[in-house]
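Q: I have a new model open and would like to learn how to read its features. Could we go through some together?

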Amino acid sequence: MRIKLPARVPILTLFTLVFTVSITAQVGINTTTPSDGAMLDITSADKGLLIPRVDIDDLTTIAPITGGSTVSLMVYNTNTTTGPGFFYWDGSDWVGLNNSDDWKESGNAGTNPTNNFIGTTDNVALRFRTNNTERLEITNDGRFRATTAGSAASPLFAWSGDTDTGFFRPNANQFGLVTSGVERLRIPSSNQVQAMANGSNSAPFYSWNSDQDTGLYRTGGDRVNIAAGGREMVEFYENGGNSEVVFNDGGDDTDFRIESANENDVIAIDAGNDRLGIFTDSPATDVHVGGNATEVRIESLNSTNSAFNNGVDNSVLMVDSNGNLVLQDRVDDFPVDASDANTFFATPLTLTSGSGAFGATVAHTETFTLTRETLIEVCFWTACNVANSAGSLTTDAQPRLYGGIVYLDDGSGGIAQDIIYSASSYTDAHVTPGGTTSTVTQGFFTIGGNGFITLPAGNHTIGLLVFASGGENDTSPDGYSVTFGANFANRFQVVYHN
């Protein structure tokens with residue numbers, strides 16, 4: 001061992017030093033009792049230890065040290081570029097004691113994120129504590145884990161200047177967002193995002209920062225509302241069989257319009273005037289269908305679905321007592337015998353008068369059924385042939401009356417109060433150029449006409465009564481006859497006017 005001492009070291013001191021080294025294998029400087037745990041014990045109350053000072057310009061080489069590169073060799077680096085301070089050699093680099101990988105409470109400087117970090121280099125998690133209670137863990141597979149759930153008033157994650165705003169865990173598998181200590185939004189374990197308040201039309205729960213009175217809100221259970229400008233526009237309400245979508249539920253003066261590819265106003269509501277427009281946005285009445293070529297189709301009234309639509313003729317559109325649009329049977333006619341227009345009576349009908357008295361008989365009846373109140377028109381026409389008792393011309397100069405009465409058979413057996421129409425023909429005396437008075441009937445006369453009556457729904461019978469009277473004197477004791485329906489076509493028609 002070599003020890004260099006100052007020239008003024010007393011002989012006794014040198015002797016003591018040598019003795020101590022040889023006896024205890026420990027070195028004490030300025031002490032005769034070096035510590036048992038130290039190979040070198042330097043004791044001083046006002047002096048320090050000065051180690052070699054070298055200029056290290058490259059921390060990756062042992063230079064400027066020569067003669068060896070023992071691990072743990074310590075020096076003081078004076079190079080201001082590589083950093084002055086105490087350094088030790090770790091076998092490959094000079095490591096500064098002031099710039100080591102430990103992290104100081106006051107912070108570190110000159111760190112390299114590639115090499116300097118807080119954490120572990122083995123497969124072990126990193127945990128953080130306060131008040132000796134674990135608060136946060138960074139797992140060995142790279143995840144952050146909090147050990148507390150937090151609350152709405154004290155969210156797990158918050159800001160130092162806004163401690164009641166952040167997020168927390170309301171329950172297992174849930175995530176809650178908080179502002180001002182109130183949970184506003186929650187994400188449960190299902191595929192949902194849940195609002196924690198309803199909102200209102202003036203402050204919808206979902207809105208825009210630049211348009212805060214427009215968005216979505218909820219007025220009650222199973223209701224979703226849409227507002228614009230603070231006004232409720234649409235409500236979706238699920239209520240079983242009474243579920244509905246309501247536009248303008250607030251009853252405001254808010255018009256409604258549906259636009260198609262080629263029409264701006266397929267349906268339009270004029271809310272201020274309580275009017276509905278179809279193909280017009282300016283309805284002039286309660287319901288207004290616009291357009292120059294607009295058609296309205298009702299499938300239930302077509303020839304497939306309605307018995308009153310034969311697919312050929314235009315049918316009659318009616319309004320029933322409830323105000324419903326319905327089809328009824330068409331305007332139609334019922335000829336007595338459509339197959340033989342020349343046959344009205346089964347056989348010609350003859351009235352014979354022997355004394356000029358009134359004679360009458362029913363020539364025809366027609367029964368039909370009405371499904372509603374209907375205006376009925378009855379038309380008839382028939383030929384009349386007047387002859388004397390011998391079947392020849394009448395020349396007795398007597399007046400005669402013959403005709404027909406159309407009547408409604410009301411079941412009472414009388415017709416006076418139910419006459420629909422009557423028609424007659426009259427013949428009178430004839431004065432010849434020579435001054436002779438006579439009645440000459442030659443050929444056929446005709447009677448006919450039409451009349452109207454309104455009948456209720458139900459079964460009805462209409463008949464034709466033919467009659468004759470007059471024309472009797474002493475020169476023609478056998479009277480005369482009137483034949484109806486002989487040799488000429490006859491008509492009897494019942495026409496519906498709906």
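Q: Let's start with P52: which residues does P52 touch, not counting residues up to four places away in sequence?
A: Contact means heavy atoms within 4.5 Å. By that rule P52 touches V75 and Y76, leaving aside residues up to four places away in sequence. The C-alpha atoms of P52 and V75 are 5.5 Å apart, although 23 residues separate the two along the chain. Do keep in mind that this is a predicted model, where local features need pLDDT of at least 70, side-chain atom pairs count only at pLDDT 80 or more, and totals for chains, interfaces and linings use all residues. Residues are numbered from 1 along each chain as its sequence is written, and side-chain values use heavy atoms, without hydrogens and water.

Q: Is P52 buried or exposed?
A: Buried means under 20% relative accessible area, exposed over 50%, and partly exposed in between (1.4 Å probe, protein chains only). P52 counts as exposed because its relative accessibility is 51%.

Q: What about salt bridges: how many does the structure hold?
A: A salt bridge puts a side-chain nitrogen of Lys or Arg within 4 Å of a carboxyl oxygen of Asp or Glu. The structure holds ten. One of them pairs R231 with D252, with 3.9 Å between the closest N and O atoms. This pair links distant parts of the chain, 21 residues apart. R231 is partly exposed at 35% relative accessibility, and D252 is partly exposed at 31%.

Q: Where does D265 sit, buried or exposed?
A: D265 is buried, as its relative accessible area is 12%. Its salt-bridge partner is R257, at 3.8 Å from N to O, and R257 is partly exposed at 45% relative accessibility.

Conventions
Helices (H or I, at least four residues) and strands (E, at least two) are DSSP runs, numbered from the N terminus.
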